[in-house]
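Reader: I would like to learn how to read the features of a model like this one with some care. Could you take me through them one at a time?

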Amino acid sequence: MSEIIIHSLVHSLKDSLIALPFLFAAYFLLEFLEHRSEIKLAKALSSEKIGPLGGAVVGCIPQCGMGVLSSHLFSSGMISAGALIAVFVSTSDEALPVILSHPDKIASVFPLLLSKIAAAVFAGYIFDFIFSHRRHKHEDIPHDHNSHGECGSCEDIKSLEDHHCKDECGENIFVSAIKRTLLIFFYIYVVTVVFAILTEVVGEDTISAFLSKSYYLQPIFAAVIGLIPNCAISVIITELYLSQAIGFGAVVAGLSTGAGIGYITLFKTNKSKKEAVMIVLYTLLFSIVFGEILQILFA
C-alpha cells in the first residue's frame, strides 16, 4: 500500500506540474479582466428586460465577487431574482482555469460555457416570468435616509463599487494570480492523488462499471455536491469530467449550483429567508433537470 501511495504522489506531482504554467497564465488574464470589468458588468443586471441575460454573461466570468455582489444587489431591490439566479447558474467558480490548465482539453471550454449561459438565461427568465409579482424594488424596501439625504442601503451598494480598490483586492494582480494559482494547484494535486490511489486500489474497470451504472444519476449527485461553498468542489467536478469519469450533463449540473459564497451572502443580506430558500431550491432543481437533459443528449 505504501508503494502505491508513494507512486501516486510522485506521478500525480509530475502531471500537475505540467499544468502549472497554463494555470498561472489563465489566472493572470482573469485577474486583469476582473479588476477592470466586474462593476461595469454588474450594471447590466439592473435592467428588468435583460437582467437575466446580463447575469448569465456576467456569471460565466470566473471571479470571486459577482455572486456576492449580485446577492447584495438583489437584497437591496436593485436587480430581479431572475438576474440573481442567472448569475448563480452561470457561475463556474474555478472550472475555466482548471480546463485551461489542460491544453489538450481547451476545446471543451466553449460547449461548457455556452451550455451554462443557455441554462442561466432560461432559469432566470422562467423564474421572473412565474414570480414577477414577487419582485421587490429598492425604493419599496424600508430604508432610512439621514439628515444629509444619505441612505444606508444605497451606501452599502456604493461600498461594493469601491470593493476592488481597497483591502486585499487592491493588491498587485501578479501576486493575486500567484496566490490563486498555488491554491488551485494544490487542489488539483490532491484530487489527482486521490484518483490515482483509487484507480490502483479499486481498479479502473470497477470504477468505470460503477460510474456507467449510475450515469443518469450523476447530474443529481453533482448538483447536490455543487452546493458546498468551497472552490475545491468545482475543481473536483471539473477534474472528474476531464478524466471522463462523469458525463457532460453532470459537470454542467454540478457547476450550475456552485455559487456557494453567493448563497451564504443571500441568506445573510436578504430579509426573507423563505425567499432565499426558494431561490436556492429553484437553482438546484433547475440545474438537475437541465443536467439530466444534457446527460441524455450526450449519452
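Predicted model: local features only at pLDDT ≥ 70, side-chain atom pairs only at ≥ 80, totals over all residues.

Reader: What percentage of the residues of the protein count as buried?

Author: Buried means under 20% relative accessible area, exposed over 50%, and partly exposed in between, with a 1.4 Å probe and protein chains only. Of the 299 residues, 48% count as buried. A223, in helix α10 (residues 218-226), is counted as buried because its relative accessible area is 0%.

Reader: Which residues does A223 touch, beyond those up to four places away in sequence?

Author: Contact means heavy atoms within 4.5 Å. With that exclusion, A223 touches A253, G254, T257, L284 and I288. A223 and T257 are 34 residues apart along the chain, while their C-alpha atoms are separated by 5.8 Å. For the protein, among contacts between residues at least 6 apart in sequence, 82% join residues at least 24 apart.

Reader: What is the nearest side chain of opposite charge to E292, and how far away is it?

Author: Lys and Arg count as positive and Asp and Glu as negative, whereas His and the chain ends are not counted; a salt bridge is a side-chain nitrogen of Lys or Arg within 4 Å of a carboxyl oxygen of Asp or Glu. E292, found in helix α14 (residues 273-297), is buried yet has no salt bridge, and the nearest side chain of opposite charge is K116, 16 Å away. Not counting residues up to four places away in sequence, E292 touches Y216, L217, P219 and I220.

Reader: Which residues form a nonpolar patch on the surface?

Author: Patches are made of residues with over 30% relative accessible area and no salt bridge, where like charges are joined within 9 Å and nonpolar side chains (Val, Leu, Ile, Met, Phe, Trp, Tyr) within 5 Å; accessible areas come from the Shrake-Rupley method with a 1.4 Å probe, and for residues only the protein chains shown count as cover. Here M1, I5, I6, L9, V10, F186, V190, V194, L198, V201 and V202 form a nonpolar patch, with about 920 Å² of accessible area together. The elements that give two or more residues to the nonpolar patch are α1 (2-42) and α8 (173-202), and the largest share, six residues, comes from α8.

Conventions:
Residues numbered from 1 in each chain as written. Heavy atoms only, no water. Helix = DSSP H or I, 4+ residues; strand = E, 2+ residues; numbered from the N terminus.
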